[in-house]
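Hello,

Here is the structure, with notes on what was found in it. Please read the notes alongside the coordinates.

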Amino acid sequence: MDHAVIEILDREGHCRETHKVRQWPLTIGRAPSADLVLPDPHLAGAHALLHWTEAGARLELLESRNGGWLDGQRLGAGATAPWTAQNVVQLGSTRLRLRTALDALPDEQPLPRADEPMRRDARPAWALPAVSVLWLLVLWLTNWSGTDGSSTWVDTISGVLMPVALALTWAAAWALVTQLFRHWFAFGAHLWRALVVSLVFQLLDVTLPVLAYALSWPRLMALDTLAVSVGGAALLWWHATVVWPRPRRRLALAIGGMALLGLVLTVGRRTEQQHWLGPNYLSALPPPALRLVTPKPVDSFVDGMQRLEAPLQKQARKRNDQEQTSGDDE
């Protein structure tokens with residue numbers, strides 16, 4: 001027999017190592033002179049001898065203290081037994097299986113998705129620097145537009161450096177988690193995700209008030225709350241798929257459920273402020289040149305505000321009651 005291998009099995013019966021049989025008979029033991037050396041302290045120097053006969057492989061137990069087992073049947077020193085691919089031999093604490101070219105080769109098994117190689121982020125080298133510059137530019141413009149011109153250069157720089165520090169810290173924390181689970185310090189991958197989502201948030205923060213003012217749709221600001229919940233959940237999922245790339249569907253369901261719960265809590269909290277998601281009015285007005293619809297007359301605006309009288313009075317009474325209760329406790 002020219003082609004045969006001996007497999008060393010683990011406790012579950014899976015092949016851990018494979019050794020090719022290069023000559024017959026084959027000596028199995030712990031001594032360096034053995035043909036198959038096994039680092040098992042429960043084996044003798046020459047523990048067993050494997051022969052090839054016309055009837056097939058045959059195992060002979062040599063002089064040893066522990067002997068061996070064939071499919072759980074005890075074999076003492078000097079015993080011989082046929083060894084086929086269906087049998088598992090245990091010598092000492094080592095389990096062995098013999099396969100020869102005469103045995104039928106099992107069919108190739110489909111590769112589970114969990115065993116497929118995990119692809120790392122594939123994006124152009126210029127993508128992260130370009131998004132970083134664009135993010136910093138939008139961040140600076142947002143801070144500049146929110147000032148009245150009296151702020152100092154220290155305030156301007158601080159308004160930019162603080163978000164930068166938060167983004168770097170956030171990406172570093174996720175990179176450490178990825179290093180723990182995947183042995184990959186994916187700082188660039190997590191920073192890319194943080195900057196992309198943050199840039200989308202900033203653009204929405206600028207675009208939504210302008211559209212709401214231009215079209216006279218103040219309720220459009222409800223999308224701001226939805227964007228925070230949905231965008232935050234999407235960012236968490238995007239980060240998590242780097243750390244755990246396999247269970248994407250389960251991650252999406254878990255994070256989506258958390259986002260839905262957060263949205264419900266936000267709606268519940270804002271009902272106390274007389275609006276569900278978006279306010280009845282805009283807190284900041286863009287330049288009049290951006291107005292695309294005809295503004296309402298002042299009288300119509302005043303009549304519309306009368307609807308706020310009852311909710312505001314209710315809220316005022318509630319706060320007065322809370323203040324009186326607090327004063328009584330003191």
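Two strands are taken to pair if DSSP finds at least two bridges between them; helices (H or I, at least four residues) and strands (E, at least two) are DSSP runs, numbered from the N terminus. The model is predicted, so local features need pLDDT of at least 70 and side-chain atom pairs pLDDT 80 or more, while totals for chains, interfaces and linings use all residues. Residues are numbered from 1 along each chain as its sequence is written, and side-chain values use heavy atoms, without hydrogens and water.

Sheet. Strand S1 (residues 4-9) runs antiparallel to S2, and five bridges join them. Ile6 has His19 in S2 as its bridge partner. Six strands make up an open, antiparallel sheet, ordered S2-S1-S11-S10-S7-S8. Strand S2 (15-20) and strand S8 (73-75) are its edges, each pairing on one side only.

Helices. Buried residues (under 20% relative accessible area, 1.4 Å probe, protein chains only) in H2 include Val160, Trp174 and Arg182. Their cover includes helix H1 (127-145), helix H3 (187-215) and helix H4 (222-243), where contact means heavy atoms within 4.5 Å.

H4, with 22 residues, reaches 32 Å from first to last C-alpha, close to the expected 32 Å. Among its buried residues are Ala222, Gly231, His239 and Val243.

Regards

Technical notes: Buried means under 20% relative accessible area, exposed over 50%, partly exposed in between (1.4 Å probe, protein chains only). The expected span of a helix is 1.5 Å times one less than its number of residues.
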